[in-house]
Amino acid sequence: MLTISNSIDIIIPSFRLDEQYLLPLIHLPKPAGWQFTYYVVVDNPQVKPGKEILRLSEEGAIHLFINPENLGAAESRNKGINAGNGEWMLFLDDDIVAEKDLLFQYVKAIEGHREAIGFIGLTDFPAPMNTFTRSLMAAGLTTIFTIANRKEEFMWGVTANMMYNRAAMQELRFSPVFPKSGGGEDVDLPAQICLRNNARFICIKEARVTHPWWNDGQPHYKRFERYGAGTALLLPRFKKFTWYAFPNPIEGWVLALLCAPLFFIFLSWQKWLIFLAAIPLIDMGINYVRAAGMGYRELKVAYYMTLLRCSTEWGMFKTMIGQGKPAYFMKRINVDFTRPRHFRTNRWRITKLVIYLILLSLLIFIK
């Protein structure tokens, strides 16, 4: 299929088909001399399109696809990719609020970097609204969304606001091996494109959208479990960028369970329970110190940070075991795809190791 010069396909996978978000995206001001084609792919066969969406579809202002069954985020995006022939593809989420000049900023970036493999826009969040959203910030779970604020180039960005060059993508597509609801696929595809083209995506912080807080800012953990599952699925796909680390809390629990007979024989079951309970408490203490250093001094922030981390790590662990890959236990991946090492550590990991050694010493020597 021949691509059309000065053309951008705007691909929006949607489950809700919420017009309050979609219509402003469809009606964004557009630079002259450029062709924009919308592909809205609905991954919910039960959805009933609103009158305005139906009108725009019937008039040809948008291409509306409703999947006959739930295919997942990856396959829905692929349907939009395969349906279009634009020189560039802009992926947007169906619940973001875009700045009025979004398309102008992307066109400006293209005209200044025709050879680019693509661009990472800025996906910002509103100010934290409660303890849980402050925990998301402190835990770094919004960091990749705002990567354009800190980097000039990067290997991947979130598909809530990211543009690809069709020529650089070629036959590569979002992989269906990742969770249907998302997690890992928006790391996998851009990283593969970067490695193939020996280039990186250019960060454009001026191309800005605002993403609402997930679940209206209320505590939830399934999303982050999915992210962990996606990370586990990345490990065998990018082996040369993986490395080993000290056990995380979930892996620590697994090791403690395996060591239970030793505790029962040489110490006591009560000391084993103390050690088991200490694993999340030590992590929570470290998280409190980390969060306090960022200005978040609520104990509940550290509590939520620990639950969020354990959710991600549980997603990684159960996916790894489910895939029959126990060799990936305690393995990590360089998400910036640079400087792979066989083992990595930092001051927080070293601090935790020292605390664990002190605790074990106390359990062994105190009668």
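Which helices each supply at least two residues of the nonpolar patch? They are α10 (260-266) and α11 (269-293), in a predicted model where local features need pLDDT of at least 70, side-chain atom pairs count only at pLDDT 80 or more, and totals for chains, interfaces and linings use all residues. Residues are numbered from 1 along each chain as its sequence is written, and side-chain values use heavy atoms, without hydrogens and water.

**Overall fold**
- The protein has 13 helices and 11 strands, which are DSSP runs numbered from the N terminus (helices H or I, at least four residues; strands E, at least two).
- Along the principal axes, the C-alpha atoms fill a box of roughly 80 × 40 × 40 Å.

**Helix packing**
- Helix α9 (residues 249-258) packs on helix α12 (residues 299-322) at an angle of about 60°, with axes 8 Å apart; axes are lines fitted to C-alpha atoms over the stretch in contact, and angles run from 0 to 180 degrees between N-to-C directions.
- P249, I250 and V254 of α9 meet R309, C310, E313, W314 and F317 of α12, where contact means heavy atoms within 4.5 Å.

**Surface patch**
- L262, F264, I265, F266, W269 and L273 make a nonpolar surface patch of about 710 Å², given the cut-offs of over 30% relative accessible area, no salt bridge, and nonpolar side chains (Val, Leu, Ile, Met, Phe, Trp, Tyr) joined within 5 Å.
- Accessible areas come from the Shrake-Rupley method with a 1.4 Å probe, only the protein chains shown counting as cover for residues, and a salt bridge is a side-chain nitrogen of Lys or Arg within 4 Å of a carboxyl oxygen of Asp or Glu.
- Helix α10 gives the most to this patch, with four residues, and L262 lies in α10.

Notes
Patches are made of residues with over 30% relative accessible area and no salt bridge: like charges are joined within 9 Å, nonpolar side chains (Val, Leu, Ile, Met, Phe, Trp, Tyr) within 5 Å.
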